[in-house]
Amino acid sequence: MDKLIDIASRAIADYGFRQAVLYGASDIARKWELSEEEAALLSGPVLAELSALPIPVQPPDIPAEQARVADVIRGLIRF
């Protein structure tokens, strides 16, 4: 879960990295050594959240968006 949150947080703050995640989720999953479940979440609901963000996220909005998406990711993880 922490890796997913790190990826999403970086993608929110850095539009170039967001593009890499949006168009190469499987490569990002492999590079960050995500589990199968994490990779599925990244390529599904996490990408949907990242896709819905404004281009770019304005600097004052970055912390709030990072917290919001982190909460979404925490809600997706099944224990």
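The legends below accompany several close-up views of a predicted model of one protein chain.

**Figure 1. Overall fold of the chain.** The chain contains five helices and zero strands. Followed along the sequence, the elements give the pattern α-α-α-α-α. The radius of gyration is 11 Å, close to the 12 Å that the globule rule gives for 79 residues, so the chain is as compact as a globular protein of that length. Along the principal axes, the C-alpha atoms occupy a box of roughly 35 × 25 × 15 Å. Among contacts between residues at least 6 apart in sequence, 65% join residues at least 24 apart.

Figure 2. Of the 79 residues, 35% count as buried. The accessible surface amounts to about 4,700 Å², and 55% of this surface belongs to carbon and sulfur atoms.

**Figure 3. The largest nonpolar core.** In soluble globular proteins, nonpolar side chains tend to be buried together. In this model, the largest nonpolar core comprises 24 residues. The residues with the most contacts inside this core are Leu4, Ile7, Ile12, Val21, Leu42, Leu50 and Ile73. Two or more core residues come from each of the helices α1 (2-13), α2 (15-23), α3 (25-31), α4 (36-51) and α5 (62-76). Which helix supplies the largest share of this core? The largest share comes from α1, with six residues.

**Figure 4. Surroundings of Ile73.** Ile73 is one of the residues with the most contacts inside the largest nonpolar core. When neighbours within four places in sequence are left aside, Ile73 is in contact with Met1, Leu4, Ile5, Ala8 and Val46. Among these partners, Leu4 is also listed with the most contacts inside the core.

**Figure 5. Val46 in helix α4.** Val46 is part of helix α4. Is this residue, Val46, buried or exposed? Val46 has a relative accessible area of 2%; because buried means under 20%, Val46 counts as buried. Residues up to four places away in sequence not being counted, Val46 touches Ala8, Leu41 and Ile73. The C-alpha atoms of Val46 and Leu22 are separated by 9.6 Å, although the two residues are 24 residues apart along the chain.

**Figure 6. Ala13 in helix α1.** Ala13 belongs to helix α1. With 45% relative accessibility, Ala13 is classed as partly exposed. Ala13 touches Ile62 and Gln66, residues up to four places away in sequence being excluded. What distance separates the C-alpha atoms of Ala13 and Ser43? The two residues lie 30 residues apart in sequence and 19 Å apart in space, C-alpha to C-alpha.

**Figure 7. Ser26 in helix α3.** Ser26 is located in helix α3. Its relative accessibility is 49%, so Ser26 counts as partly exposed. From C-alpha to C-alpha, Ser26 and Ala40 are 9.1 Å apart in space, and they are 14 residues apart in sequence.

**Figure 8. The loop between α3 and α4.** Glu33 and Ser35 are both shown in this view. Glu33 is found in the loop between α3 and α4, and Ser35 has its place in the loop between α3 and α4 as well. Most residues other than glycine have a negative phi. Glu33, however, has a positive phi of about 55° although it is not a glycine. Glu33 is exposed, with a relative accessible area of 63%, whereas Ser35 is partly exposed, with a relative accessible area of 35%. The C-alpha atoms of Ser35 and Met1 are separated by 9.5 Å, the two residues being 34 residues apart along the chain.

**Figure 9. The peptide bond from Ile55 to Pro56.** Most peptide bonds are trans. The bond from Ile55 to Pro56, by contrast, is cis, with omega near -20°.

Conventions:
Residues numbered from 1 in each chain as written. Predicted model: local features only at pLDDT ≥ 70, side-chain atom pairs only at ≥ 80, totals over all residues. Heavy atoms only, no water. Core = buried A, V, L, I, M, F, W, Y, C linked by side-chain atoms within 4.5 Å. Buried < 20%, exposed > 50% of the residue type's maximum accessible area, 1.4 Å probe, protein only. Helix = DSSP H or I, 4+ residues; strand = E, 2+ residues; numbered from the N terminus. Contact = heavy atoms within 4.5 Å. Rg over C-alpha atoms; globule rule 2.2 N^0.38 Å. Areas by Shrake-Rupley, 256 points an atom, 1.4 Å probe, with all protein chains shown as cover.
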